[in-house]
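Dear colleague,

Please find below the structure that I am handing over to you. My notes on it follow.

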Amino acid sequence: MKIVIYPGTFDPITNGHLDIIYRALTLFDKVIIGILLNTNKKPLFTTEERLEMIEKSIEGIKNIEVKTFDGLLVNFADEMKASAIIRGLRQVSDFEYEFQMALMNRKLNENISTVFLMPNEKYTYLNSSLIKELARFKADVSDFVPEIVNRKLKEKFL
Ligand code: ADP
C-alpha cells in the first residue's frame, strides 16, 4: 500500500490544492492531507475551520484522510507509514524553497521521497493568500475555491 502525505497550511484549501490531490490519488493508494500546526504563518482560519473545510471539500472521495501534525514532516510521514511527500509546483518561484525542503527532508529520512506535481495551468497563479486578499475586498472567488470555502470566506469578511 503506497501512502503519500500532502502537507500544508491550507488557509484555506483552494481548487489548486484539490487539483494536486486528484493527481496524487492516481499515483498512490492513499493520500493523507496533513495540516501543519506549528507554522510561522498567522492563519486566518483556525485549525478546526481548515479541517472542516477540507473534509467537506473531499466528501465522497475514497482513499483520502485529513490529519493535523506538529513537528517534523518526515516524522509524521514515518508515523503514517508514508513513502512519499507531495508538493505542488506552480512556477519557478516555488522551486528554490521546495528544492531546499525536499533535499533537507531526504537528508533527515532517506526512505521518504518528495514528489512534485504541477496543477492545471489555470491554477498556477492561485494561492491561498491571494484568495484571502480578494475575498477581503469582496471579489468573487467562486471559480477558485470549493463552495464551503467560498461561504466561510464571506462569513469572515462580512
Ligand atoms: P505551505 O505553507 O506548506 O506552502 P500551502 O497550503 O500554501 O502550504 O500549500 C501546500 C502545498 O500546495 C504546497 O506544495 C504548495 O506549493 C501547493 N499549492 C498551493 N496552491 C497551489 C496551486 N494553486 N496549485 C498547485 N499547488 C498549490
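Which strands does helix H4 lie across? Helix H4 (residues 92-108) lies across E4 and E5, running at about 175° to E4. Helices (H or I, at least four residues) and strands (E, at least two) are DSSP runs, numbered from the N terminus. Axes are lines fitted to C-alpha atoms, for helices over the stretch in contact, and angles run from 0 to 180 degrees between N-to-C directions.

This is a predicted model, in which local features need pLDDT of at least 70 and side-chain atom pairs count only at pLDDT 80 or more, while totals for chains, interfaces and linings use all residues. Residues are numbered from 1 along each chain as its sequence is written, and side-chain values use heavy atoms, with hydrogens and water left out.

The sheet

Five strands make up an open sheet with parallel pairing, in the order E3-E2-E1-E4-E5; two strands pair if DSSP finds at least two bridges between them. Strand E3 (64-69) and strand E5 (113-117) are the edge strands, each pairing on one side only. From one strand to the next, the twist averages 30°. Helix H1 (residues 15-27) packs on this sheet and touches strand E1 (3-8), strand E2 (30-36), E3, E4 and E5, where contact means heavy atoms within 4.5 Å. The direction of H1 makes about 120° with that of E5.

E1 and E2 are joined in the parallel sense over six bridges, and Ile5 stands opposite Ile32 in E2. Strand E4 (residues 84-88) pairs with E5 in the parallel sense over five bridges; Arg87 has Phe116 in E5 as its bridge partner.

The buried residues in helix H2 (residues 47-57) are Glu49, Arg50, Met53, Ile54 and Ser57. They lie on the same side of H2 because they cover an arc of only 130° around the axis, the arc being that of the directions from the helix axis to the C-beta atoms. Their cover includes H1, E2, E3 and helix H6 (147-156). Asn150 is in helix H6 and is buried, with a relative accessible area of 8%. Not counting residues up to four places away in sequence, Asn150 touches Val141, Ser142 and Val145.

The largest pocket

The largest pocket holds about 1,200 Å³ of space. A pocket is an open set of points on a 1 Å grid over the protein atoms alone, where a 1.4 Å probe fits, with protein on both sides within 12 Å along at least five of seven lines; lining residues have an atom within 4 Å of a point. Grid points are joined across faces, edges and corners, and a volume is the space filled by probe spheres set on the points. Of the 45 lining residues, Gly8, Thr9, Lys41, Arg87 and Glu98 lie nearest the centre. H4 gives the most to this lining, with nine residues.

Backbone details

Most residues other than glycine have a negative phi, and most peptide bonds are trans. Lys81, in the loop between helix H3 (73-79) and E4, has a positive phi of about 60° and is exposed at 66% relative accessibility. The peptide bond from Asp11 to Pro12 is cis, with omega near 0°.

Yours sincerely

Definitions and conventions:
Buried means under 20% relative accessible area, exposed over 50%, partly exposed in between (1.4 Å probe, protein chains only).
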